[in-house]
Amino acid sequence: MNWPIGGGWSLESVEPKTFMCEVWMFILAVNFWNIFGAGVFGSIINLPIINYFEHATYLTNNHAHGAMFGVKGNIALGGMLFCCQHLIRREFWNARLIKMSFWSLNIGIALMMFLDLFPVGVYQLMAVFDSGFWYARSPEIVSGSVFKTLTYFRSLGGNIFVFGGVIPMIWFILSRRSKLLSENNP
Ligand code: HEM
């Protein structure tokens with residue numbers, strides 16, 4: 001559709017200078033993790049009676065991962081990519097690679113949380129209820145078979161995070177150094 005906007009211009013004839021789609025994915029992920037990683041997983045350990053027992057167990061780690069990477073990590077990456085799209089020549093933008101990195105980072109962190117940090121945190125909390133605060137943090141528990149098995153599961157998410165997310169993103173940024181827009185010819 002050709003919307004007239006006056007002065008002989010139409011929206012169709014205005015060439016968009018930015019390609020925001022991938023940046024928006026990171027911003028949407030911030031909203032998701034703000035509710036889920038910070039809000040839900042923060043709230044369930046916030047109540048004093050729960051916090052009294054769970055303090056510094058893996059339920060805290062679970063919340064910290066969801067909130068720190070989910071909110072702070074995604075906003076940092078979104079901000080960085082927002083700047084990059086103004087600096088890199090459009091033909092050298094790689095939407096597929098950025099999308100792959102986005103999904104790997106976010107699915108990777110979610111798998112780390114759901115396959116290991118959350119279940120192992122609940123297991124530790126049960127150990128606090130049964131045998132006390134000290135026991136849940138003893139080598140018997142944190143080096144025991146349940147912890148070990150779930151830590152292996154966690155490496156599945158960790159590998160997706162690093163190999164599908166972090167490394168491609170670093171490669172993308174470093175490899176675009178020679179593809180920057182010229183100051184005189186934006
Ligand atoms: C973007 C927002 C947030 C970020 C980045 C964040 C990050 C963190 C981190 C890294 C820790 C671990 C600190 C440590 O181990 O010393 C933590 C602990 C904690 N957070 Fe958050 N958080 C956020 C929002 C929230 C919200 C909204 C709540 C509650 C509704 C909450 C409740 C808690 C509680 C209760 C602890 C202490 C757990 C314990 O006793 O071990 N957080 N947070």
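**Helix packing and the ligand shell**

Me: At roughly what angle do the axes of α1 and α4 cross?
Reply: This is a predicted model, in which local features need pLDDT of at least 70 and side-chain atom pairs count only at pLDDT 80 or more, while totals for chains, interfaces and linings use all residues. Residues are numbered from 1 along each chain as its sequence is written. Helices (H or I, at least four residues) and strands (E, at least two) are DSSP runs numbered from the N terminus, and axes are lines fitted to C-alpha atoms, for helices over the stretch in contact, with angles from 0 to 180 degrees between N-to-C directions. The axes of α1 and α4 come within 10 Å, and they cross at roughly 15°.

Me: Is α1 roughly parallel or roughly antiparallel to α4?
Reply: Angles under 35 degrees count as roughly parallel, over 145 as roughly antiparallel, 65 to 115 as roughly perpendicular and the rest as oblique. The crossing angle of α1 and α4 is roughly 15°. Therefore α1 is, relative to α4, roughly parallel.

Me: Is the crossing of α1 and α3 left-handed or right-handed?
Reply: These two helices pack at about 165° with axes 8 Å apart, so α1 and α3 are roughly antiparallel. A crossing is left-handed if the near helix is turned anticlockwise from the far one by less than a right angle, and right-handed if clockwise. The crossing of α1 and α3 is left-handed.

Me: How many nonpolar residues does the contact of α4 with α7 have?
Reply: α4 and α7 (residues 145–175) pack at about 160°, with axes 8 Å apart. Ala, Val, Leu, Ile, Met, Phe, Trp, Tyr, Cys and Pro count as nonpolar, Asp, Glu, Lys and Arg as charged, and the others, Gly among them, as polar. The contact of α4 with α7 has two charged residues, eight polar and, for nonpolar, 22.

Me: Which helix supplies the largest share of the shell around the ligand?
Reply: The shell has 16 residues, A38 and T60 among the closest; a residue is near a molecule or strand if its C-beta atom, placed from the backbone, lies within 6 Å of it. Both α1 (21–43) and α3 (58–87) supply at least two of the shell residues. The largest share, seven residues, comes from α3.
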